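User: I've got a model open here and want to know what stands behind the labels. Can you walk me through them?

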Amino acid sequence: MEEDPLKTIVRMSNLVGHISVRLKHERYIASNRRALVANIVTLLVLQMMFEYNTYTSWNQIVTAYGLWMVTLIQLDVYLTFGLNYLMVLNGAVQSKNFVKLLNRMRRIIQKSHFAKTRYKRLWRITSAATLLNVVLNFGIHCAYPWFSNLITTKDELIREILLSFLVTFGDTFYIFFNAVLTVLQIEFIYIKTYLVDTNANQLEQAKLLRRTYNDAVLVMNLVTKCFALPIVYSALLLSFEGTVQLFQFFLLLRSEHKSRHDLKEMLYYLLWFVPYLVKFFVTINMANSTSEKANEAALSTRHFDDYSMKNTKLAKQINKFLLKNLHQKKKFSAFGFFNIDNSVIYTVFSSIITYLVILIQFKQLENDLTHGNSGNETISAAGGST
């Protein structure tokens, strides 16, 4: 039995409650939902601890950042909690689809004789990414702020540790999604490579390749059902978080007297936001690339239109295959509202820039009103003295 390249990430996803499956007799089945319930309870406990920590240090936070900025940061945290709740509930609602997805993926991997070495490499990469994810999140959120004196109290450190757990849970979902997309890409490359070399005397091979392609397309449909909702929510959350982080960065840049502490804080914002941005954009680009590989694999059968093969049985079967697949481009869809492809990246970028400009204008208006009131008070005082 070959090593399952998805084994590590499936275990991690089970552990954090994103799915509820187990392997029995070489087949995935739905398991009890104790992990899902335990994860919901864990999230509730983390949120209560976070709320208590925020309540006890509220005055210090408001003094440091201002009420308006603190409100945005708190909303950002609640939305991050919301993403984790959504991932767990999505695993419960889509439990049957996750079982179908993993079993189909397992069959595809077992039948593949093309990329055994790539699958072994995928297993190592997935394991390393899972470990690196934990190290980076706790390093960025806890170690760097603590050793650079951006946080100086235990309450602040506890707050960052809680956020690190949340981000780590969410990133596990991204790793799982990317691992599934990688398997699909490997299979579509395999199908394209062998279909191009198939001739009229290789009827059985052509049938096998078409069957493999149809299995991979069915997996794409299951991937959409299983992952679309959290990915869409992540896009909306990234738009909001990007706006908040860049606005904080803008306020620090505008401050007249920048201290070393301010420079450390600007670096922290970049360390916090850029990896999240990269992870999301890599995920969206992987989805877009997988769709392109699926369409390229279907197009690789066009050479069967050659005159020498036009009346063969294989050519007729390939023509049916072409009619079925070429007129329907393979895409990952967000419930039919829009496609999950590179256009999502441009949408997120434009949203961040738009909302950032609005926040900057509001801040400028607030400053103008504040300075205007100060000027009126000075004028009134001067008029009263005369």
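Analyst: Let's start with strands: these are DSSP runs of E with at least two residues, and helices are runs of H or I with at least four, all numbered from the N terminus. Two strands pair if DSSP finds at least two bridges between them. One caution: this is a predicted model, where local features need pLDDT of at least 70, side-chain atom pairs count only at pLDDT 80 or more, and totals for chains, interfaces and linings use all residues. Residues are numbered from 1 along each chain as its sequence is written, and side-chain values use heavy atoms, with hydrogens and water left out.

User: What makes β1 and β2 a pair?

Analyst: Four bridges link β1 (residues 21-24) with β2 (residues 27-30), and the cut-off is at least two, so they pair. The strands run antiparallel, with Leu23 opposite Tyr28 in β2. Two residues sit between the strands of this hairpin, where His25 has a positive phi near 55°.

User: Why is Cys142 called buried?

Analyst: Buried means under 20% relative accessible area, exposed over 50%, partly exposed in between (1.4 Å probe, protein chains only). Cys142 comes in at 8%, so it counts as buried. Cys226 has 0%, so that one is buried too.

User: Which residues have the most contacts inside the largest nonpolar core?

Analyst: Leu101, Phe176, Phe188, Val223, Phe227 and Phe280, in a core of 70 residues. Such a core is a set of buried Ala, Val, Leu, Ile, Met, Phe, Trp, Tyr and Cys residues joined through side-chain atoms within 4.5 Å. Helix α8 gives the most to this core, 17 residues.
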